[in-house]
Amino acid sequence: MSEHILLIEDDNAFQEMLSEALRSRGYAVSSASRAEEGISMARQHDFDLILTDVMLPGMSGVEAIPQLREAAPGSDIIVMTAYSTRELALEAIRLGAYDFFSKPFSLKELDIVVRRALEKRRLQKEVTTLRETLRHDSPVQRIIGDSAPMRAVKTLVEKVAPLDSTVLITGESGTGKELVSDTLRALSGRAGAPFVKVNCAAIPEHLFENELFGHEKGAFTGATSAQPGKFELAHGGTLLLDEIGDMPAAIQPKLLRAVEEKQIERLGGRRPVAVNVRIIAATNQNLRELVARKAFREDLYYRLGVAVIMLPPLRDRKEDIPRLAEHILRKLGLTLGIPVHGITAAAVQALINHHWPGNVRQLANLLERAAISAQGRITAQDIAAALAVQNGTSPQPCTSQSPHDAPAAEDCLRMPLRETLHQMERNLLLEALRRAEGSQKNAAALLGLTPKNMWAKLQKHQIRI
């Protein structure tokens with residue numbers, strides 16, 4: 001939906017010209033000729049921005065600011081006047097105006113001020129929405145998806161979470177196993193207790209036992225003090241064993257004992273240590289096949305899989321993609337400050353058409369890349385270019401020029417990889433400069449660059465400030 005702007009201007013010709021300019025830029029515009037009329041309209045409608053002249057018949061634009069703020073507390077107010085003085089500008093700002101500029105002004109100046117104000121409004125709305133979501137939503141609602149497979153997953157999560165049983169989460173890489181483990185813990189009676197995560201694929205085999213069970217002083221050369229392992233650190237809480245299929249065979253009997261007897265022995269220890277830990281295991285491997293090949297203990301498999309949650313791949317729940325994309329883009333705007341003003345229907349269709357071997361993680365990665373290079377709204381061409389970078393392939397020409405058409409992402413115009421990355425960097429520099437209002441120093445800070453490196457990149461891309 002287009003942003004809605006209220007324009008209060010008594011000069012009919014100027015009002016018409018300005019309204020048309022704003023509409024041509026995609027905004028909805030309502031007009032009033034008097035401040036009193038504008039205040040009444042602001043009470044009845046939700047405007048994203050209010051533009052008001054100062055010199056109006058009856059109440060002036062500056063005098064109207066307090067009442068406009070009361071009528072539309074979420075709307076920013078920009079004051080326009082042909083009688084520009086520093087005192088008038090300061091008075092308008094003091095009364096609550098967002099910005100102030102003088103007639104005559106260029107449409108380019110108008111674009112910058114309006115866009116900046118509306119972007120602030122969008123971010124405020126998103127922050128408010130996110131806060132409300134976090135305040136009222138159950139943790140299970142953070143698992144995005146209304147497809148039949150995901151409804152089944154959410155139902156099972158809610159059923160299993162309050163229990164103290166071990167849980168095995170299975171699914172391809174990128175399907176959201178860690179999110180499900182976080183939700184299980186958040187809904188359990190151990191939500192306020194330690195939550196320790198172990199990536200079994202990242203631990204060298206000779207360090208595995210020490211990592212899980214810890215050691216006593218003198219247990220080996222260099223063991224100058226006792227050290228608790230992950231089980232003890234998770235005492236009273238939850239232990240996530242991620243990529244459990246990569247656990248070395250030599251450690252599996254000791255893990256089985258820890259799960260069954262609720263106690264462990266440190267390396268070099270002489271007495272067992274009791275541990276009260278709920279175990280959640282996760283894997284992208286087929287543990288049944290590993291058991292059949294004698295690569296995973298059958299008794300450990302059954303002990304871990306008291307409750308099994310199987311996450312579907314994204315290709316089997318494509319109806320969830322539009323909502324996932326919306327959620328990811330909103331999160332990008334809040335956490336990374338990437339300004340994304342929506343996604344076209346053609347771009348959404350391009351996402352649905354893709355196979356997604358990397359599942360939700362790949363989707364999030366692609367949308368972040370597309371958002372960086374997009375000019376406002378993400379288009380099918382932005383999706384295609386991002387896919388080209390992911391795949392390391394060269395694009396084919398796009399046969400459709402209509403924004404309403406939905407060509408497959410692979411068929412859209414894409415540049416070779418080096419040129420695509422070059423264009424992405426240039427777009428990122430331009431966006432940083434825009435957000436910094438042309439300040440090279442501030443733009444460098446936004447990008448984490450030194451002023452010298454920023455200058456070099458601007459020269460490289462032939463960007464003049």
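In what order do the five strands of the open sheet lie, and is their pairing parallel or antiparallel? The order is β2-β1-β3-β4-β5, and the pairing is parallel. The model is predicted: local features need pLDDT of at least 70, side-chain atom pairs count only at pLDDT 80 or more, and totals for chains, interfaces and linings use all residues. Residues are numbered from 1 along each chain as its sequence is written, and side-chain values use heavy atoms, with hydrogens and water left out.

**View 1. The open sheet of five strands.** The edge strands, each pairing on one side only, are β2 (28–32) and β5 (99–102). From one strand to the next the twist averages 20 degrees. Strands are DSSP runs of E with at least two residues, helices are runs of H or I with at least four, and both are numbered from the N terminus. Two strands pair if DSSP finds at least two bridges between them.

**View 2. Strands β1 and β3, with helices on the sheet.** β1 (residues 4–8) pairs with β3 (residues 49–53) in the parallel sense over four bridges. Ile50 in β3 is the bridge partner of Leu6. Helix α1 (residues 12–24) packs on the sheet and touches β1, β2, β3 and β4 (76–81); its direction makes about 165 degrees with that of β2. Helix α2 (residues 35–44) also packs on the sheet, touching β1, β2 and β3, at about 135 degrees to the direction of β2. Axes are lines fitted to C-alpha atoms, for helices over the stretch in contact, and angles between N-to-C directions run from 0 to 180 degrees. Contact means heavy atoms within 4.5 Å.

**View 3. The buried residues of helix α10.** Lys262, which follows α10, has a positive phi near 55 degrees.

**View 4. Lys154 in helix α6.** Lys154 is buried yet has no salt bridge (a side-chain nitrogen of Lys or Arg within 4 Å of a carboxyl oxygen of Asp or Glu). Asp146, the nearest side chain of opposite charge, is 4.0 Å away. Lys and Arg count as positive and Asp and Glu as negative; His and the chain ends are not counted.

Key. Buried < 20%, exposed > 50% of the residue type's maximum accessible area, 1.4 Å probe, protein only.
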